[in-house]
Amino acid sequence: MVGLALKGVGAKYGKHTVLSDVDTDILRGGVMTAVIGPNAAGKSTLFKRIAGLASGPGTVVLSDTLKGPETICYMPQDTGANAVLTVYESVLLASKQGSSWKVRDSELVEIDRILQALRINDLAFRGLGELSGGQRQLVSIAQALVRKPEVLLMDEPTSALDLFRQIEVLGFMRRLAAKSGMSVLIALHDLNHALRYCENTIVIAKGAMVASGLTGDVITGGMLRDIYRVEARVEMCSHGKPVVIVDHSIV
Amino acid sequence: MAIATEPLETTTGRDQYRALALRRIVLICAMLVALCFSISIDMALGPANYTLREVLTSLFYAESVGDQLRVVIWDIRMPIALMAVTVGASLSLAGAQMQTILANPLASPFTLGISAAAGFGAALGLIGGVAIFPAAVQYMIPINAFLMAMAAALFIHFASTMRGVTVETIVLLGIALVFTFNALLSLLEYLASEQALAAVVFWTMGSLTKATWPKVWITGAVLLFAIPLFARHAWALTALRLGEDKAASLGINVRRLRLHTMMTVSLLAAIPVSFVGTIGFVGLVGPHIARMLVGEDQRFFLPASVLCGALLLSATSVVSKTLIPGAILPIGVITALVGVPFFFVLIFTNRRRAW
Amino acid sequence: MGMFGKVALAAVGLCALFSGTVLAGEKVVIKDVTGRDVEVSVPVEHVILGEGRQIYFVAALDRDAPFKRVVGWRDDLSKADPESYAAYLAKYPEIAKLPTFGGMKDGTFDIEQAVSLKPDVVIMNLDAKTATEEAGYIEKLGKVGIPLVYIDFREKPMENTEASMRVMGKLLGEEAKAEDFIKFRADSIAKVTDVLAKQNPARPVVFVERAGGYSDDCCMSFGNENFGKMVEIAGGTNMAKDIIPGTFGTVNPEQIIASNPDQIIITGGNWQGYVPGGNWVGVGYGADLTEAHRKLENLTKRPALTGVKAVADGNVHAIWHQFYNNPYQFVAIQEIAKWLHPDLFTDLDPEATFKELHARFLPLDYKPGYFVSVKDE
């Protein structure tokens, strides 16, 4: 199973350092890792750096991979709303990058499967421009999955989804990770989602890593106070699962 | 690694996609047929009123017909008919790829100032007798136009690679270039003699009567050089339309793709403009018509843009010489008159959003 | 008008007032070619030529010192007719220092500069009428007592040349000379039109190519005006008259083969400054006719002229392009008539007419070079 570890990873735009010192243990495949932190903390930058789309110090260590660095797939928040392409075509083109014009049946079968798995097969021949923001997020997930990555970096994939779709997508991704051995890093704002679906959590704030480890160890009342500036508790609910309860913000 | 967990219900998606692709191929073939038809009409019609039989004989047994017939078909009608095709195709393709890489529906050789730059270059020659490249004075006008057009295209490109310059600002830059070159052109016109002025005005109007065989070969060669380059990057160019981040996430080197595309586009836009003058409408509207017909998958969009532009200008060529028999009306004027009604019909009947 | 404009106008107005007292002439009312009645003190001593080529008129009236009354002129003569300009410059070197106005396109000029030159009259061409009126020049000049008259030898040369000459004659106080010129011109044209009216010959089809060889384009031509009209007066049928709706336009090259004209007349001039080494035929004042002949022959080899009757018969000619806006265009009419009907006009000698024009009216010595035909040696 694939493993990903970050050693002193940082990122620069020109001479400007925007992220520094991200260190993690080996993040094993088969589970999800939450990347949390306030707005503009550097979550997207971290993802771009891992995917090789931004440069900076440190090393991204991949182990037991089948395909090498190309196996890392970064999934941005949105996918072009202006393109005159159907959902189906946009997923097809994600899978066909770098290969020939000819489209094989097996490739189409795979797209059908993914669209059905994400329950967007009824949107397959709608134009991207006709979709809602949430629907486009689902398409963006399909575009990432069709590339069969071993490491998937999802940048706030549920931000525009309704509650039902959020739960559905996160549950689907967790099952998929477990089944395929994929390592999924997922930037989230909802800490209860992190507690419920993610084995590990990395906390980023002000361009630096604050904490990294098992989700239960990282998400604590103290961290919430320091990083999010809210007075909050992590308690067990009646089902015996940890939940974050926010009392008030600290002014 | 199997991704799907739910069982497959149907294969409708695949079948629907195959049907969609087939429909597009049929549309592209229909455009090709229409283009051949238009070229044939262009070849068959003319004030000399030759019969179809005479035209065909001259085409296939050029030696067996009289001088006049042969000259009319081979040296007058054919260069114009083919020039319409190569120029229309080049400008439309250039516009299509500019719109793709700059992510802007208003991008075209005309709106980004490349045509205006060419016009200014030509005017430098026509009015001031200034040869930018003094070695070949007899080709001064096209060479001037070409060099200015390339300079404008490269300026646009290098500006686009500067930090903090977005695709939106590129279009603003292009519009600034249009105004700058038009102002410089007006200044030259203000200083011009009547004779030179008339030539400049006529040049900037654009005209296919300047067509000669060497020009047909050159524009055709540039087109044949550009098409495979774009075709090789068809998937990547399509992915650019999903946004810069998305394209990069799919493993595309966006900056390099933009650079290579822009260089080729400059050539595609500058050469025809330097030969036949400013023809504004095709480069902007050709790609839009193609997009509305076949979408933006470059495997279809690329040939459709080429055919749309070629068809538009070929039909224009027919209209420009038949509207007043014996005269040739300025092609820039006719292109808009031919293209706009068709464009309107498409806009108002197309329910799906096109850009 | 801005503050600066007002002050400037007031200042130069004062100057004009003083100069006005010095030049007390006879006030007369002149009807210009637009029908306006303009009050001018004649004879004028200082004129501004709104177009440099108006010197063609002035020279015919002020033969000894054509530039003595010109205080400023537009700079178009050197651009449109460089040979004539060079000839005038050689004879009157002081014209290099004459204040000039730029701007051929819209016919405007800097009114402050114009007023500061203290002219007694500003002579404008009819083509500049719209621009002149839009800018309100007539009112502005009127405020400082400078009248403006329109003349015309381009828009409707056949109708307006005589009237324009009369206006010029009145202004310069050379009415007798103007009448002489008008009579000479009318007689010269009558030598053509009288014969044609009497003999009523078949009218050959003539293709007039505008500035042939100037660019790759074939074939610019004329509708009913300009050279199109001159050909009709000279007893020909202008091939493009039903094809080109306006004055200028482009004929389908194939149409020349289809119409098979009997005669082809290509306008030319020395355009070395615009299209160096181009295929144009460089006819004009004192032109090298051997070279012009070579270039004319070269033009007959273009596809559009393949197998055309005019080429086969050697009836391809080149004529000086600037005749179209020139009061001397009656000479061109004679030459065209002689080309079209050589049998009818054996006695007509356009060269002699042109020579006489120079000898009787113009300050320059006549130099041939305005016409060439492929038949010529």
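**Helix packing and chain contacts in a predicted three-chain model**

In chain B, helices H5(B) and H11(B) are roughly antiparallel to each other. The model that shows this is a predicted one. Two packed helices are described by the angle between their axes and the distance between the axes. For this pair, helix H5 (residues 140–160) of chain B and helix H11 (residues 254–276) of chain B, the angle is about 155° and the axes lie 8 Å apart. Angles over 145 degrees count as roughly antiparallel, and the pair is therefore placed in that class. The crossing of H5(B) and H11(B) is right-handed.

The residues that make this contact can be followed along both helices. H5(B) contributes B:Pro142, B:Ala145, B:Phe146, B:Ala149, B:Met150, B:Ala153, B:Leu154, B:His157 and B:Ser160. Sorted by class, the contact of H5(B) with H11(B) has 14 nonpolar residues, four polar residues and one charged residue.

Helix H9 (residues 175–199) of chain C packs against helix H14 (residues 329–340) of chain C at an angle of about 15°, with 9 Å between the axes. Angles under 35 degrees count as roughly parallel, so H9(C) is roughly parallel to H14(C). The crossing of H9(C) and H14(C) is left-handed. From H9(C), the residues C:Arg185, C:Ser188, C:Ile189, C:Lys191 and C:Val192 meet C:Phe330, C:Ile333, C:Gln334 and C:Ala337 of H14(C). The contact of H9(C) with H14(C) divides into five nonpolar, two polar and two charged residues.

We turn now from helix pairs to whole chains. Chain C has 15 helices and 14 strands. Its radius of gyration is 22 Å, close to the 21 Å that the globule rule gives for 377 residues, so chain C is as compact as a globular protein of that length. The C-alpha trace of chain C spans about 70 × 40 × 40 Å along its principal axes. Of the 377 residues of chain C, 50% count as buried. Among the contacts in chain C between residues at least 6 apart in sequence, 69% join residues at least 24 apart.

Chain A has eight helices and 13 strands. The radius of gyration of chain A is 18 Å, close to the 18 Å that the globule rule gives for 251 residues, so chain A is as compact as a globular protein of that length. Its C-alpha trace spans about 55 × 40 × 35 Å along the principal axes. Of the 251 residues of chain A, 45% count as buried. Of the contacts in chain A with a separation of 6 or more, 65% are between residues 24 or more positions apart.

One residue of chain A can be examined in detail. A:Ile50 belongs to helix H1 (residues 43–50) of chain A. A residue is buried if 20 or more other C-beta atoms lie within 10 Å of its own; A:Ile50 has 23 C-beta neighbours inside 10 Å and therefore counts as buried. Leaving aside neighbours within four places in sequence, A:Ile50 is in contact with A:Val60, A:Ile72 and A:Leu153. The C-alpha atoms of A:Ile50 and A:Val151 are separated by 9.9 Å, and these two residues are 101 residues apart along the chain.

How do the chains meet? Two pairs of chains are in contact, and chains A and B share the most contacts. Chain A and chain C do not touch, and their nearest C-alpha atoms are 41 Å apart.

Between chains A and B, 45 residues of chain A are in contact with 36 residues of chain B. On the chain A side, strand S7 (72–75), helix H2 (87–96), helix H3 (105–117) and helix H5 (163–180) each supply at least two residues. H3(A) gives the largest share of that side, ten residues. By class, the side of chain A that touches chain B has 23 nonpolar, eleven polar and eleven charged residues.

The contact between chains C and B takes 34 residues from chain C and 35 residues from chain B. The elements of chain C that give two or more residues to its side are helix H3 (76–80), strand S11 (248–250) and helix H11 (253–259). H11(C) provides the largest share of that side, five residues. By class, the side of chain C that touches chain B has 16 nonpolar, twelve polar and six charged residues.

Key
Residues numbered from 1 in each chain as written. Chains lettered and ligands numbered in written order. Predicted model: local features only at pLDDT ≥ 70, side-chain atom pairs only at ≥ 80, totals over all residues. Contact = placed C-beta atoms within 7 Å. Helix = DSSP H or I, 4+ residues; strand = E, 2+ residues; numbered from the N terminus. Nonpolar A, V, L, I, M, F, W, Y, C, P; charged D, E, K, R; others polar. Axes fitted to C-alpha atoms, helices over the stretch in contact; angles between N-to-C directions. Parallel < 35°, antiparallel > 145°, perpendicular 65-115°, else oblique. Left-handed = near helix turned anticlockwise from the far one by under 90°. Buried ≥ 20, exposed ≤ 12 C-beta atoms within 10 Å, placed from the backbone. Rg over C-alpha atoms; globule rule 2.2 N^0.38 Å.
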